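User: Please look closely at one part of this model and its surroundings. Define each term as you go.

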Amino acid sequence: MRDHRKTGYLLLLLVLFGILAAGCASAADSEEDTSGQESIGDGVIRLYYLDADEDSFHTVDYTLENTEDPLLASYEVVSRLSDTEDSHTEIYKPAIYDDVVVNSISIDGVEETVDLGVGYRQLDAAEAILLRAAMVKSLVQIDGVESVRFTINGDSLLDSDDNPIGPMTKDTFILEEEADSLYDSEETVTLYYADMEGSGLIEYKTQLSS
């Protein structure tokens with residue numbers, strides 16, 4: 001599936017599973033939110049689509065119609081991420097692949113659960129990361145949504161060791177252009193990239209500094 005995108009195309013997507021460096025806690029407590037995930041205006045958010053090559057993201061400013069109800073707003077965002085209205089497909093593509101169905105969305109407090117159909121299991125590791133990142137980074141901009149948990153036909157989403165994957169926040173997925181702004185001093189972090197076959201993740205330790 002989509003073999004042309006299995007050659008290390010996630011070099012622009014840094015996936016940070018937790019805050020691994022000693023200085024990260026102080027950075028998270030900073031009064032200034034530098035993650036780029038906040039709403040950029042009254043009811044205006046950034047939708048994360050895939051770019052034309054489907055190896056990174058193309059963001060589009062979007063004004064929500066449902067600003068009072070986070071659940072309705074979430075369905076609205078998911079609908080947009082599934083459809084680029086054809087006129088823009090030469091620039092960007094849906095972040096939710098055609099063979100992946102969103103069965104339902106529910107909210108408990110500020111945690112949202114998105115239940116996906118079994119088509120999600122047919123994605124390779126790189127595609128799955130892109131889809132989750134696009135959905136999380138778009139949905140957490142909605143007022144009242146702070147984290148997103150994924151299930152597959154009601155079952156918990158599992159990692160490669162068959163452990164349930166918990167809720168994901170705006171800090172779970174950090175793009176390359178965002179990484180430097182998260183640290184006020186040089187820190188060692190562990191990054192995870194999709195391998196060339198798209199079947200697993202490669203661990204890579206590096207230094208990040210502002």
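Analyst: Two strands pair if DSSP finds at least two bridges between them; strands (E, at least two residues) and helices (H or I, at least four) are DSSP runs, numbered from the N terminus. Strand β5 (residues 102-108) and strand β6 (residues 111-116) run antiparallel and are joined by six bridges. The model is predicted, so local features need pLDDT of at least 70 and side-chain atom pairs count only at pLDDT 80 or more, while totals for chains, interfaces and linings use all residues. Residues are numbered from 1 along each chain as its sequence is written, and side-chain values use heavy atoms, with hydrogens and water left out.

Within this pair, serine 104 stands opposite aspartate 115 of β6. Two residues lie between the strands of the hairpin, where glycine 109 takes a positive phi near 70°.

Both strands also meet helix α2: the buried residues of α2 (buried: under 20% relative accessible area, 1.4 Å probe, protein chains only) pack against β5 and β6, as well as β2 (44-51), β3 (57-63) and α3 (125-139), with contact meaning heavy atoms within 4.5 Å. These buried residues are Ala73, Ser74, Glu76, Val77, Val78 and Leu81.

Helix α2 covers residues 70-81, and its twelve residues should span 16 Å at 1.5 Å a residue, which agrees with end C-alpha atoms 16 Å apart; the expected span is 1.5 Å times one less than the number of residues.

Helix α3, one of the packing partners of α2, contains leucine 130. Leucine 130 counts as buried because its relative accessibility is 0%. From C-alpha to C-alpha, leucine 130 lies 7.7 Å from serine 56, although 74 residues separate them in sequence.

Definitions and conventions:
Buried means under 20% relative accessible area, exposed over 50%, partly exposed in between (1.4 Å probe, protein chains only).
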